[in-house]
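Colleague: I would like to learn to read features off a model. Can we take them one by one?

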Amino acid sequence: MNRIENRTFDEMKVGDAASLTRTLTCRDIELFAIVSGDVNPVHLDEDFAQSSRFHKIIAHGMWGGALISAVLGTQLPGPGAIYLGQSLRFRHPVGLGDTLTVTVRVAEKNAEKHRVTLECQATNQHGEVVISGTAEVIAPTEKISRARVTLPEVRLLRAGRRGRPRPR
């Protein structure tokens, strides 16, 4: 996709939906830990994770929340939406290699304040709901279409390796 375009309050109908699909990688977990500061060993330490109740490294719960935010900010409603609130329930852990499909669906519209309530759900490759909840946004009233921003390349380097990329 070279452009992102919103759906205005008037264009949205109850039942409209948008989604994205993403597979969790080690790099995703490391980048999320760097940005958030959440270095809980269940996300980053294989030995610790094996001894946890999940017996594997799992994603930060809010990694899935961030994917929901991505759909809200880029697709439905998209650019110009103002995020007011979010409630999430984490139903199953998400492990390395799991593929999530995140879907948001318009549940309610409040014309007086241009507020929209959206049902949010993430399912894994087995069809299990791993995250569910709702989001509330103020929907844009004017059409916005913009070129998709090209993000910078990120390189992860291990401490003590003096600038050499870690082996993959």
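Colleague: Is H114 buried, exposed or partly exposed?

Modeller: Start with the cut-offs: buried means under 20% relative accessible area, exposed over 50%, and partly exposed in between (1.4 Å probe, protein chains only). H114 has 29% relative accessibility, so it counts as partly exposed.

Colleague: What should I know about the model and its values?

Modeller: The model is predicted: local features need pLDDT of at least 70, side-chain atom pairs count only at pLDDT 80 or more, and totals for chains, interfaces and linings use all residues. Residues are numbered from 1 along each chain as its sequence is written, and side-chain values use heavy atoms, with hydrogens and water left out.

Colleague: Where does H114 lie, and what is its phi?

Modeller: The general idea comes before the case. Most residues other than glycine have a negative phi, and most peptide bonds are trans. H114 is not a glycine, yet has a positive phi of about 60 degrees. Its place is the loop between β4 (99–110) and β5. Such labels come from DSSP runs: helices are H or I with at least four residues, strands are E with at least two, and numbering starts from the N terminus.

Colleague: What is the phi of H55, and which loop holds H55?

Modeller: H55 is not a glycine either, and its phi is positive, about 60 degrees. H55 sits in the loop between α3 (46–50) and α4.

Colleague: What about the peptide bond from L76 to P77: cis or trans?

Modeller: Read omega. For L76 to P77 omega is near 0 degrees, and the bond is cis. P77 belongs to the loop between α4 and β3 (82–90).

Colleague: How many salt bridges does a search of the whole structure find?

Modeller: The criterion is a side-chain nitrogen of Lys or Arg within 4 Å of a carboxyl oxygen of Asp or Glu. The search of the whole structure gives six.

Colleague: What distance separates N and O in the salt bridge of E5 and K143?

Modeller: The N to O distance is 3.4 Å. E5 is in strand β1 (residues 3–5) and K143 in the loop between β6 (129–138) and β7 (145–147), so the pair ties together parts 138 residues apart in sequence. Both ends are partly exposed: E5 at 43%, K143 at 41%.

Colleague: Which residue forms a salt bridge with E30?

Modeller: R158, with the closest N and O atoms 2.5 Å apart. E30 lies in helix α1 (residues 26–36) and R158 in the segment after β7, so this pair ties together parts 128 residues apart in sequence. E30 is buried at 11% relative accessibility, whereas R158 is partly exposed at 41%.

Colleague: And which residue pairs with R115?

Modeller: R115 forms a salt bridge with E136, the closest N and O atoms being 3.6 Å apart. R115 lies in strand β5 (residues 115–123) and E136 in strand β6, so the pair ties together parts 21 residues apart in sequence. R115 is partly exposed at 29%, and E136 is partly exposed at 29%. Salt bridges can also share partners: E5, E11 and K143 are joined that way into one network.

Colleague: Back to the helix of E30. Which residues of α1 are buried, and what covers them?

Modeller: The buried residues of α1 are D28, I29, E30 and A33. Their cover includes β2 (17–23), α2 (41–44) and α4 (61–74).

Terms used. Contact means heavy atoms within 4.5 Å.
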